[in-house]
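Here is a structure to read through in question and answer form.

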Amino acid sequence: MKGVAKLAAGPGHVAYADRPEVVAGPGEVVIDLLAAGICGTDLHIEAGEYPSVPPVTMGHEFCGVVAELGDGTDPAWLGARVTSETFYSTCGHCRWCRSGRPSICAERRSIGTHVDGAFAPRVRVPVRNLHRVPDGLGDLAAAICEPLACVCNSLSDPASVDAGDEVLVIGPGAIGLLAAQVARANGGRVQVRGTAHDEARLELARSLGFETSTVDEPFAGEAPDVVVECSGAAAGIAAGLETVARGGTIVQMGIRGAAVTIPFDEICFKELRVRSGFAANPLAWLRAMRLLRDGAIQLEPLITEAVQLADFERAFARSRAADGVKFVLVP
């Protein structure tokens, strides 16, 4: 079976290569993949900026159909169209696992970094990870349920946005546009901010009903109660700290992949709260799937193009250049 794999540590070393066939073990299923989204984390893995355990097939955002069941799994899952949480295993007994936060378990092993992931025709996951895709949600859109769950983990558990809050989202990529929608669903008045290079993405934000601005323009209106930083750029992080209202909240979601220099004293001077989220815990997944069933979130407009697995390098290059919003690989 061929898949897109990180073959060695360090920058590069990613190829469309032969990978082992997958077999469902006890408590596991094998999924025939329909689509898998390219995440910013995948680009950081390719660049050697995010830890992985090569050789490993990449990819953790996906939709597919359950094709094989391991021992001890419910037969009702066979043939179901599903998406999946990304943990392959955690210790199960640390205080974080026991309190429903396996995302920060020190022994967490994840699909696409520690074990083979979804940039392949098939993937193996624990059955406990599965979520049925809501009716009416297309395969390409369903592949990005996982980043929506990550956004819910950062914004809704606990709540970072209250009804009536002025919210500024910095970075109009896929995570930023999902964060804007979740913040709106939580009652916030949301503006999306980007650079002049982001005009196509900002136009998409406007089509989703959001006010937009660019960093070249002075910030208009009241200072935001909440800034959701999704760019991962040093300038975006600094702008968030400088723009947020006194006593406000910074939610850091963008991953830089390297050290940054920021006006850290603003946290003290303004008495700011800084929150974040890493991956998505089970409660966040439940919130995300409920938002989709309620029609509160649009995923389809975020899909720029479906690209064949073997052509992954083009999709990676366009993703890296921010030439679009979300690229999805299909087998």
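Q: How do you know what volume the largest cavity has?
A: In this predicted model, the largest cavity comes out at about 30 Å³. A search of the whole structure finds one cavity of 30 Å³ or more.

Q: What makes up the lining of the largest cavity, by class?
A: The lining has 11 nonpolar residues, no polar and no charged ones. Those residues are Leu33, Leu34, Ala35, Ala36, Ala118, Phe119, Ala120, Leu309, Leu329, Val330 and Pro331. Strand S3 (28-37) and strand S18 (326-330) are the elements that give two or more residues to this lining, and S3 gives the most, with four residues.

Q: Why is the pair of phenylalanine 119 and phenylalanine 316 called edge-to-face?
A: Ring centres have to lie within 6.5 Å for a pair, and planes over 60 degrees apart count as edge-to-face. The centres of these two rings are 6.2 Å apart and their planes stand at 70°, so the pair of phenylalanine 119 and phenylalanine 316 is edge-to-face. Phenylalanine 119 is in the loop between strand S8 (109-110) and strand S9 (122-126), while phenylalanine 316 is in helix H10 (residues 312-320), so the pair ties together parts that are 197 residues apart in sequence. Both phenylalanine 119 and phenylalanine 316 are buried.

Q: How do you know which charged end sits over the ring of tryptophan 77?
A: The distance to the ring centre must be within 6 Å, and the charge must be within 35 degrees of the ring normal. The charged end of arginine 132 is 4.6 Å from the centre of the tryptophan 77 ring and sits over that ring. Likewise, the charged end of lysine 2 sits over the ring of tyrosine 16, at 5.8 Å from its centre.

Q: Which residues of helix H6 are buried, and what puts them on the same side?
A: In helix H6 (residues 199-207), the buried residues include Arg201, Leu202, Leu204 and Ala205. They cover an arc of only 155° around the axis, which puts them on the same side of H6. The face turned away from that buried side carries the exposed residues Ala200 and Ser207.

Q: Why does glycine 136 count as exposed?
A: The label exposed requires a relative accessible area over 50%, and glycine 136 has 77% relative accessibility, so glycine 136 counts as exposed. Glycine 136 lies in the loop between strand S10 (130-132) and helix H3 (139-142). Its C-alpha is 10.0 Å from that of leucine 292, although glycine 136 and leucine 292 are 156 residues apart in sequence.

Q: What classes of residue line the second largest pocket?
A: The lining of the second largest pocket has 10 nonpolar, three polar and one charged residues. About 210 Å³ of space lies in this pocket, and of the 14 residues that line it, Ile237, Ile250, Gln252, Ile262 and Val274 are the closest to its centre.

How values were computed:
Residues are numbered from 1 along each chain as its sequence is written. This is a predicted model: local features need pLDDT of at least 70, side-chain atom pairs count only at pLDDT 80 or more; totals for chains, interfaces and linings use all residues. Side-chain values use heavy atoms; hydrogens and water are left out. On a 1 Å grid over the protein atoms alone, a cavity is a set of points where a 1.4 Å probe fits but cannot get out, and a pocket is an open set with protein on both sides within 12 Å along at least five of seven lines; lining residues have an atom within 4 Å of a point. Grid points are joined across faces, edges and corners, and a volume is the space filled by probe spheres set on the points. Ala, Val, Leu, Ile, Met, Phe, Trp, Tyr, Cys and Pro count as nonpolar, Asp, Glu, Lys and Arg as charged, and the others, Gly among them, as polar. Rings of Phe, Tyr and Trp (its six-membered ring) pair if their centres lie within 6.5 Å; planes under 30 degrees apart count as stacked, over 60 as edge-to-face and the rest as tilted. Buried means under 20% relative accessible area, exposed over 50%, partly exposed in between (1.4 Å probe, protein chains only). The arc is that of the directions from the helix axis to the C-beta atoms.
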